[in-house]
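Hi,

Here is the structure I promised to send over.

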Amino acid sequence: MTGSAQRPGEAPTATATPSGTGLTKNPTAGTESARSLGAVGSRGRVLGLLVAALILAVALALSLAVGSRGIALGTVWDALWHYDGSPDHMVMHTLRVPRTVLGLLAGIGLGVAGALIQAMTRNPLADPGILGVNAGAAFFVALAVAVFGFTGIWSYVWFAFLGAVVVTVAVYALGARGRDGATPIRITLSGVAIGAVLSGVTTGLMMIDPATFDHLRFWNAGSIAGARPDVVWAVSGFVVAGTLLAFVVARPLNAIALGDDLARSLGVDIAGTRRLGIVAVTLLCGAATAAAGPIGFVGLMIPHVARWLVGPDQRWILCYTVLGAPTLLLVADVLGRIVVRPAELQVGIVTAFVGAPVLVVLVRRQRASGL
């Protein structure tokens, strides 16, 4: 171990690189993140959280008010607290509120899962979509509908969990093969390859079985339209449990970011932390994908932006992600309702339009910073 020892949660320098861990220049806690950490103090972080919460509140209000049928904010408030059975109030309770709450839950699930995956793989360009986790959950859901005829959320959500965990384990096992172990590049390439294969098979299942295609065509694009209260209740517990687990492993992940050797010297149970992380990712991705379909880029953009703002501390990254990820998803959903009104674009299509250019920018930024 070269260089001076550092406390968990601090940004490691280039000299604090234990040999044999596959960590050369830690993307999750690099020089640029260290600079941002020094520039943003605790007060700045708290103020940023308040601003993020305010922006999320605005996104929630827009999601309730904007659509093919516009509803005034005053009517929205009355519908929430003084329901009178009028047409606008019925639209609010039967359509807008479940859709908005599902967008909130799916955004949290995808964003927090992305933050965990980036931390565990030490790869800032990883997310549930790039690593194939969403594709695995979607494939198992398509299998449940096409082969077993399950169409209810409580039936196929378990298949989504199974698909998420199978692909997570498979990607990590495939990426760990070889002398260098599970390096970020190996894991990313494994995830992209497995995700591409499973996405192709899922599309094939949908094309072969017209009934399956009709049931899954909007879901497969990533959509929260038509959300029902039973769907919201079905996924809410899983998302909450996965988010709590994410915060439990946040501090140990800070130590693991310094390298496995140093984390062991600090008393961190590395294997246990990663197992809990995988469980959390499974709960979050499985629930979000089962309810809203395979929505991409949410888990990539928001944790990366949060890391840029507050540094490598996973606790702060998760706090910002919990507020920022649903904001992105809800704003994308609102834009999808507006751009082709009276029709709609699915939220997964809008996030792809936004996320693809952002991914290019992030890759160029990583190369420019030498990470």
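A term you'll need throughout: a residue is buried at under 20% relative accessible area, exposed at over 50%, and partly exposed in between (1.4 Å probe, protein chains only). Bear in mind that this is a predicted model, where local features need pLDDT of at least 70, side-chain atom pairs count only at pLDDT 80 or more, and totals for chains, interfaces and linings use all residues. Residues are numbered from 1 along each chain as its sequence is written, and side-chain values use heavy atoms, with hydrogens and water left out.

First, the overall picture. Of its 371 residues, 52% count as buried. If you take the contacts (heavy atoms within 4.5 Å) with a separation of 6 or more, 74% of them are between residues 24 or more positions apart.

Now the salt bridges. By that I mean a side-chain nitrogen of Lys or Arg within 4 Å of a carboxyl oxygen of Asp or Glu. In general, side chains of opposite charge can pair when their charged atoms come close. How many turn up in a search of the whole structure? There are six, and these are some of them:

- E344 pairs with R99, with 2.9 Å between the closest N and O atoms. E344 sits in the loop between α14 and α15 (347-369) and R99 in helix α4, so this pair ties together parts that are 245 residues apart in sequence. R99 counts as buried because its relative accessibility is 9%, while E344, at 31%, counts as partly exposed.
- R264 and D261 meet at 3.5 Å, N to O. Both belong to helix α11 (residues 260-265) and are three residues apart, about one turn of the helix. R264 is exposed at 52% relative accessibility, and D261 is partly exposed at 40%.
- R228 bridges to D230, the closest N and O atoms being 3.0 Å apart. R228, at 41% relative accessibility, counts as partly exposed, and so does D230 at 35%.

Salt bridges that share partners also join R99, D333, R337 and E344 into one network.

On to helix packing. For the angles, axes are lines fitted to C-alpha atoms, for helices over the stretch in contact, and angles run from 0 to 180 degrees between N-to-C directions. Under 35 degrees is roughly parallel, over 145 roughly antiparallel, 65 to 115 roughly perpendicular, and the rest oblique.

Helices α2 (residues 42-65) and α3 (residues 73-81) have axes that come within 10 Å and cross at roughly 90 degrees, which means α2 is roughly perpendicular to α3. The contact uses A61, L64 and A65 from α2, and L73, V76 and L80 from α3. By type, that contact has six nonpolar residues, no polar and no charged. Here nonpolar covers Ala, Val, Leu, Ile, Met, Phe, Trp, Tyr, Cys and Pro, charged covers Asp, Glu, Lys and Arg, and the others, Gly among them, are polar.

Helix α4 (residues 87-121) packs against helix α14 (residues 314-339) at about 135 degrees, with the axes 7 Å apart, so the two are oblique to each other. The residues of their contact divide into 14 nonpolar, six polar and four charged.

F297 lies in the loop between α12 (270-292) and α13 (298-310).

Cheers

Notes
Helices (H or I, at least four residues) and strands (E, at least two) are DSSP runs, numbered from the N terminus.
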